[in-house]
Every structure is written in structure tokens, then in C-alpha cells.
Amino acid sequence: MKDVLAVVLAGGKGSRLEPLTRDRAKPAVPFGGNYRIIDFTLSNCLNSDIRKILVLTQYKAMSLDRHVTLGWRSFLCRELGEFIDVIPPQQRIDDKWYQGTADAVYQNIYALEQERPKHVVILAGDHIYKMDYAKLVASHEENNADVTIAALSVSLEEATQFGVMQVDSDNRIVGFEEKPANPKHIPGDPDHALASMGIYVFNAHFLFDELCKDATLPESSHDFGKNIIPANIDSRRVYAFPFLDENRKEQAYWRDVGTIDSYFQANLELTSVDPPLNLYDLDWPVRTFQPSTPPAKFVFDSDQRRGQAHDSIVSSGVIISGGCVTQSVIGPQSRINSFAEVDQSIIFGRASVGRHAKLRRTIIDKDVIIPEGVEIGYDHDADRARGFTVTESGVVVVARGENIPT
């Protein structure tokens, strides 16, 4: 893996996650209490022994840059040729923002060429999953492939949002359609299609040639799924690699969390007795920035006033001071005050829930102060009147910096 360079695409707007992405990029959105979304991709890199990582940012990247600087650079040693570098758009080649996934890599081709890698692994920084990229690279080399694509079985309904592949008996890709209206099913399985996970391994010289060629085509969208991959199916060795889940559960775990509702559901799944995503696996740890904070504390123990949490994740530095938390995720350094009720909710870091306040199916962003006695998630018309976002499934989002009237 010393000859492998990982490029993490972390520049998407994440507009469907607004207002959570109002002030941060999607990969920087908190997840599961302690983590950020990008931590899962970066943890996969380290656990796969990839030690050269470029993170390409674009929109609202300050929070993401700070998180990577504080939490990730200590894992790698520059003197040994290891690094994780955050690269904002530099306009070395063009004066435009990134036009597509391939263009994002092309505009940073100088940084890739400097490392002289044998293989380049292209990754998205906004998905939740566990995967050993070393197995992906090994399959790529075994097949003598020019490019290998990680593949996931999805329902036909879901497949309309993916690149869909057709493969032969050796997993060589013989057809590829980007977000087809009528996706082709897997042979013998009429209910599922083989979808691209947006994870690619390229032979480096082949990648550089294709990026330069694609950059000269004005009609191109400069996207791997729309342009680079389909253009090479017939002429080059392009293979699929079935997703091998290091989460080691009965069902393979991969989440896009691209909408508020999917993000909310993925977080609340973590509070179950046997969650579909195992965050406690010492064999495949998920790493992140861990600030120096005290342990969580639960105080007051009487029939009328008791600090308690049930079926919940409570992060470090949290004080549950006489309040009650049920099936919720509480982020670092937050405080739940006396007689407050938090039910099926997600609270980011440094938030405060006032006395007698009640939250239900609510996402509270960082540094938000919920005044005493306020109820959110119980009357959606009132929530909308306050300016909160309410999703189709009834999840209420209170954005960072909201001034909530009592």
C-alpha cells in the first residue's frame, strides 16, 4: 500500500442537508455524537494502511479543515512519507470551481503527480461505511485492471440514483449507465441492480491520461460516472469489486445520509441494543478528534428530579442535570437541565436544553440554547412559524445561531 495515494472528494455542498450544511461542508456534519461524517472514510484509509491522503475541499471548508488538522494529522508521520493534506481549490489549471468529480482531481493533478503513486484510490468523504481498501487494490492488481469500481447491490428503486453496472462472470464491467430511469437488474435477481459506490482504483498513469483527455472535451461534464468510466468500458480493463463490509453484520452497512430524514434515521439507529453499525469494534476502529473534556455526568436522583438517559448515546463532557433523555444522541459538552425531556432527538455539541423544555424528533445544531419551557417537535405549525425546518417525516431542525423566543 506504500504506492497507493487516496484522494478524498469532500467539496460537495450537501444542499439537501440544509440547514445543517449552512455553515459547514457535508463531510464535516457531526454524526453519532463524537464523529464527523468524513471520519469514516479517513478511518477506512488508516485501517487499510493507506498513509498518503489528499482531501479536496471546496464549499464552506473551514470547519472540515480544522477538524482534519486537529484530529487526523497526528496519526501520520511526514518524515516517513505519510501525510493527510487538505487542498482547497487552487485554480492552478482553471479559474473555475470544480465542474465535476473528475475535474476536481484534474485541477489537482500536480499534487497527485508529485507523489508518483502506482495506484490512485478515489473516495467520497460523505458516506458512512467500513471497507478495507487494501482488498480492493489487491483485486485490482489481480485482474490487471486499468480501473476497478466498488459495487453495491441496491434495490431497483434506489438504483436510479446511482451509476449502474452490468458485469460478466469474471466481474468485468460490460455496461455502465449513470442514474438510469430504468436500471438493469442483476442476472438472476430481478429486484436488485449493481450500483457504483463512487469508489475507484485507477492505475495512476491511466488516470492522468484520461483526466487530461477529458479536460479538452467541452461537451463533457468532467465526471467519473458520467464520462470517464463509460468512455473506457469497451476499450480498457474495467472491473467491479463487490463490497466487502468490515462492519461484519448480517446486512452490509452503507449509508449516504444525503437528506435530513436519512441522516436522522442513521443516527437514531445507533441507539438500539444491536445497532446496524458497530462503533465499538476494536478490530476496525473509527477515529476522530477527541477534545480534552471530562466524562459525562448524570446528577440528581429523586422521584421528581432525576438525571437519566435510556437507549441513548451520551458524549464526553455532557451533563444531564435532572433531565430525561430517551433514544437520542447527545453531542459533546451539551447540557440537559432539570425536568427537561429529550425524546428521539439529536443534539450537537455545546448545546443547552433549558428547564422544563421538551424536544421530540428534533435536531439541535451546535451552540443552540433552548430556553426554559420551550417545546419543539410537538406542534409543527408553531415550529415552522419560528423559522425551523420541518421535513416530510416530521423531523424538526434548529440551525446554529437560532435565537429561539420563549
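Visitor: Is W254 buried or exposed?
Guide: W254 is buried, at a relative accessible area of 11%. Buried means under 20% relative accessible area, exposed means over 50%, and partly exposed is in between (1.4 Å probe, protein chains only). This is a predicted model: local features need pLDDT of at least 70, side-chain atom pairs count only at pLDDT 80 or more, and totals for chains, interfaces and linings use all residues. Residues are numbered from 1 along each chain as its sequence is written, and side-chain values use heavy atoms, with hydrogens and water left out.

Visitor: Which residue forms an aromatic pair with W254?
Guide: F162 does. The pair is tilted, with 5.7 Å centre to centre and 50° between the planes. Rings of Phe, Tyr and Trp (its six-membered ring) pair if their centres lie within 6.5 Å; planes under 30 degrees apart count as stacked, over 60 as edge-to-face and the rest as tilted.

Visitor: What does that pair tie together?
Guide: F162 sits in the loop between α6 (156-159) and β9 (163-167), and W254 is in strand β13 (residues 254-255), so the pair links parts 92 residues apart in sequence. Helices (H or I, at least four residues) and strands (E, at least two) are DSSP runs, numbered from the N terminus. F162 is buried too, with a relative accessible area of 15%.

Visitor: How many aromatic pairs are there?
Guide: The count comes to 11 aromatic pairs. F202 and F206 form a stacked one, at 6.2 Å centre to centre and 25° between the planes. F202 is buried at 0% relative accessible area, and F206 is buried at 7%.

Visitor: Which residues form one aromatic cluster?
Guide: F31, Y35, F40 and Y263.

Visitor: Now charges. What lies over the face of F75?
Guide: R287, at 5.6 Å from the ring centre. K358 lies over the face of Y378, at 4.9 Å from the ring centre. The rule asks for NZ of Lys or CZ of Arg within 6 Å of the ring centre and within 35 degrees of the ring normal.

Visitor: Switching to sheets. What is the strand order in the open sheet of 5 strands?
Guide: β15-β18-β21-β24-β27, with parallel pairing. Two strands pair if DSSP finds at least two bridges between them.

Visitor: Which strands stand at the edges?
Guide: β15 (308-310) and β27 (375-376). Each has a single partner strand, so one side of each is left without a neighbour in the sheet. For β15, 3 bridges join it to strand β18 (residues 324-326). A309 stands opposite V325 in β18.

Visitor: And β12, how many of its residues are buried?
Guide: 4 of its 5 residues, so strand β12 (residues 238-242) is mostly covered. Strand β8 (residues 147-155) runs parallel to β12, joined by 5 bridges. A150 stands opposite F241 in β12.

Visitor: Helices next. At what angle do α7 and α8 cross?
Guide: The axes of helix α7 (residues 204-215) and helix α8 (residues 224-232) cross at roughly 115° and come within 11 Å. Axes are lines fitted to C-alpha atoms, for helices over the stretch in contact, and angles run from 0 to 180 degrees between N-to-C directions.
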